[in-house]
Amino acid sequence: MATFTGYLRARSDDELVALLRLRPDLAAPSPSTLSSLAVRATSRSSLDRALASVDAGVLQVLEAVVALDESGPVSAAQVVRAVAGTADEAATAAVEGALRAAEARALVFPEDTDPDAALHPSPGLPEALGPYPAGLAPVDHHRAVHPPTDPDVVRTLLDDAPAGARQVLDALTWGPPVGLSPSPGSPTATAVTWLLRHGLLVPGDTKHVLLPRAVALTLRGGRTHRSPATAPPLPHDAAVRADALVASESAAAGERVARLVARLARSWEQSPPPVLRAGGLGVRELKRTAAVLEVDEGEAAFVVELAGAAGFVADDGEEVPSFVPTVAVDDWWGQDVADRWAALAHAWLISPRAAWLVGTRDERSALRAALDPELVRAWAPRLRATVLGTLADAGRGVALTAPQVLEVLRWRTPRSVPPTNAVEAVLHEAGLLGVLGAGALSDAGRALVAGEDAAAALAASLPSAVDEVLLQGDLTGIVPGRPSAALEDLLDRTARVESRGGAVTVRFTADSVRAALDAGSTADALLAELQAHARGPVPQPLEYLVRDAARRHGRLRAGAASSYLRADDPTLLAGLVDDPRFSDLGLVALAPTVLVAQASTRELVDVLRDVGLAPVAEGPDGQVLHLTPEVRRVGRRGAAAARRRAADAAAVVGPQEALPADRLAALVPRLRRADDDHTAAAPAPVTPGKQARSTIAGTADPAGALVLLREAAAERAPVWVELVGPQGLTEKRLLRPVLVEGGRVRAVDPAREAELTIAVHRIASVTREEESP
């Protein structure tokens with residue numbers, strides 16, 4: 001039989017490149033030779049990764065090959081018949097395609113280039129699939145009782161079987177093949193005893209019986225599976241949304257999430273929340289953030305995590321650490337809405353953080369916090385890509401629920417089906433982000449998944465910007481659409497938003513106008529800006545509000561003594577010193593028109609404004625100072641380090657991205673040259689004193705030895721193993737490997753009729769031999 005290493009060497013460069021693309025873990029880090037590539041491809045971890053990424057059809061043919069291979073050589077035609085049976089041509093073609101997919105991933109390999117050549121499972125694949133592939137029991141060649149293998153004999157025995165025997169076999173036929181031994185006197189005891197006596201069942205352990213593989217295949221009519229696995233059809237009850245609805249909902253959500261992240265950064269640059277001792281954002285701070293953003297705590301946690309994933313907020317690393325906006329947010333603010341959204345959406349797609357776990361409890365019953373370092377889940381990016389890919393394949397406008405997505409995933413990746421709550425969370429977050437619109441994948445989301453220009457796709461869905469506002473006499477304003485950047489900036493400075501939707505409604509108040517005056521504007525400048533964007537004249541009530549706020553603004557002036565308060569009118573200061581509301585300020589009257597305070601200037605101004613007064617700060621020369629909010633920034637280093645740690649974790653767990661095509665194309669020839677050089681430098685060892693046998697393969701290379709041992713275990717073939725003893729002396733023994741995993745080899749020594757376990761580092765060389773003709 002051809003060896004797995006020989007099969008890899010015989011594959012063309014294009015086929016090897018395709019293998020490395022389908023199984024990216026084989027190429028990163030780069031193997032040194034084709035032999036080391038074979039070792040990695042047959043390791044349990046790599047096989048588990050490969051099995052986690054194949055669909056149910058490929059999994060069926062792998063189980064069929066493993067199940068049929070133990071009984072003798074199996075051809076591709078036998079596998080197709082065992083899985084598809086007498087199904088239609090489409091099902092047969094699907095099984096043949098699944099076989100080609102399995103061979104492309106080197107999970108099965110043919111004995112030679114003949115189309116009818118026997119197929120063999122990759123070494124280590126039977127162990128990776130589990131003890132009962134396709135629900136069939138393993139073939140035990142050392143069992144004292146040999147079950148009948150001729151289907152006619154099995155059918156003849158069943159014709160004479162006692163009552164209840166057929167029911168017992170029917171229960172075990174399609175697996176699992178293990179049943180409990182009935183207690184004496186039970187209704188099935190007589191039937192089970194008869195089946196055991198005639199070899200239709202065999203003893204397992206003291207409490208179980210086993211249905212032999214040959215008997216099960218006869219009862220199944222030679223089939224390994226009831227029916228071939230095919231892709232599930234689109235659910236008949238799946239909702240289909242109109243393109244216009246999907247686009248509008250997606251655009252609205254995308255614009256909203258960009259605005260929320262901007263508001264979060266504006267809030268945290270003035271009042272950075274502290275970092276918990278264990279890392280993360282405290283519950284109280286999350287509630288405060290939710291109030292600022294005017295959303296619930298769940299959405300606030302998502303916005304916080306999204307800003308963290310994009311690198312816009314990070315731990316400032318101070319002695320008393322806080323979460324502070326990074327310098328990256330300044331460049332982001334200067335972009336248009338579509339570009340800002342695209343940056344957030346891409347960060348979410350590749351982020352290894354599970355924001356939906358915020359507020360749940362871990363295994364220690366501790367509450368998980370937003371930005372908690374423990375929220376990294378390396379499989380999260382793969383889950384998002386898989387869920388969005390399912391929606392993309394469903395068609396335009398199709399909105400799938402979490403159970404419907406899971407139905408598809410159970411076929412696509414039956415060995416790695418995600419939990420329901422994680423799928424629900426991905427769909428919910430995608431809706432909040434605007435990747436979905438009305439539950440269906442939007443054009444922007446489709447471009448994001450495909451790696452295309454998502455910003456341009458969202459921009460095409462956004463309504464045209466409006467540069468005018470309808471000012472009304474009740475001190476409100478209505479923007480009939482999406483405000484332009486200039487209008488948005490004006491309204492942010494002078495008003496507060498009351499509602500958003502197809503139009504934006506804002507309200508002007510004394511506080512909102514005062515905030516604009518604090519930023520350095522004057523009444524005339526504000527009114528001129530409002531008039532420039534207004535449809536019609538500025539209403540008289542709004543003009544009165546602005547001018548009254550400007551008139552009152554600065555009538556009181558504060559300075560530092562720690563700080564002082566003065567006024568031209570003594571009556572304005574009368575009673576302030578004795579007012580209990582200001583007891584914490586430490587006010588002292590220096591003159592009828594001057595007070596000093598122990599509090600800072602900013603604190604003095606803020607406390608007086610809370611009671612309805614309107615002081616302003618002034619400098620030593622008496623000129624008005626505009627108390628702009630203190631703005632803080634932190635460098636990118638903390639966020640970049642967190643992203644590097646997340647990338648390292650993702651490289652250890654879960655499938656990786658394939659290397660670029662040019663790097664894979666250059667890697668394969670290098671592996672061939674290294675393999676040829678290694679083979680020429682290290683010829684296979686020859687076992688002395690065995691003239692009746694001919695060596696067909698042997699190596700002292702550790703990588704090659706592991707491959708030979710795994711191949712021998714798969715074939716149940718003996719090999720000569722040179723062992724190094726505790727004193728450094730070598731000993732050659734003929735062993736039959738059973739299992740190679742975890743740095744150890746479990747093998748049977750036929751000469752001594754014993755089983756032993758050997759550490760791989762004790763093996764000096766392995767030589768595989770077969771009888772000479």
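Strands here are DSSP runs of E at least two residues long, numbered from the N terminus, and two of them count as paired if DSSP finds at least two bridges between them. What you're looking at is a predicted model, where local features need pLDDT of at least 70, side-chain atom pairs count only at pLDDT 80 or more, and totals for chains, interfaces and linings use all residues. Residues are numbered from 1 along each chain as its sequence is written, and side-chain values use heavy atoms, with hydrogens and water left out.

Let's start with an open sheet. Its 4 strands run in the order β13-β14-β17-β16, with antiparallel pairing. β13 (470-471) and β16 (496-500) are the edge strands; each has a single partner strand, so one side of each has no neighbour in the sheet. Further in, β14 (residues 476-479) pairs with β17 (residues 504-507) in the antiparallel sense over 4 bridges. To find your place there, look for Thr-476, which sits opposite Arg-507 in β17.

Now move along to β20 (residues 588-591) and β21 (residues 594-597), an antiparallel pair held to 3 bridges. The two make a hairpin with 2 residues between them, and Ala-589 has Leu-595 of β21 as its bridge partner.

How far can you trust all this? The predictor's confidence in each residue, pLDDT, goes from 0 to 100. The chain averages 84, and 90% of the residues score at least 70. Residues 637-655, though, have pLDDT below 50, and that stretch has 18 contacts (heavy atoms within 4.5 Å) beyond near neighbours in sequence. Residues 683-697 also stay under 50, with 34 contacts beyond four places in sequence.
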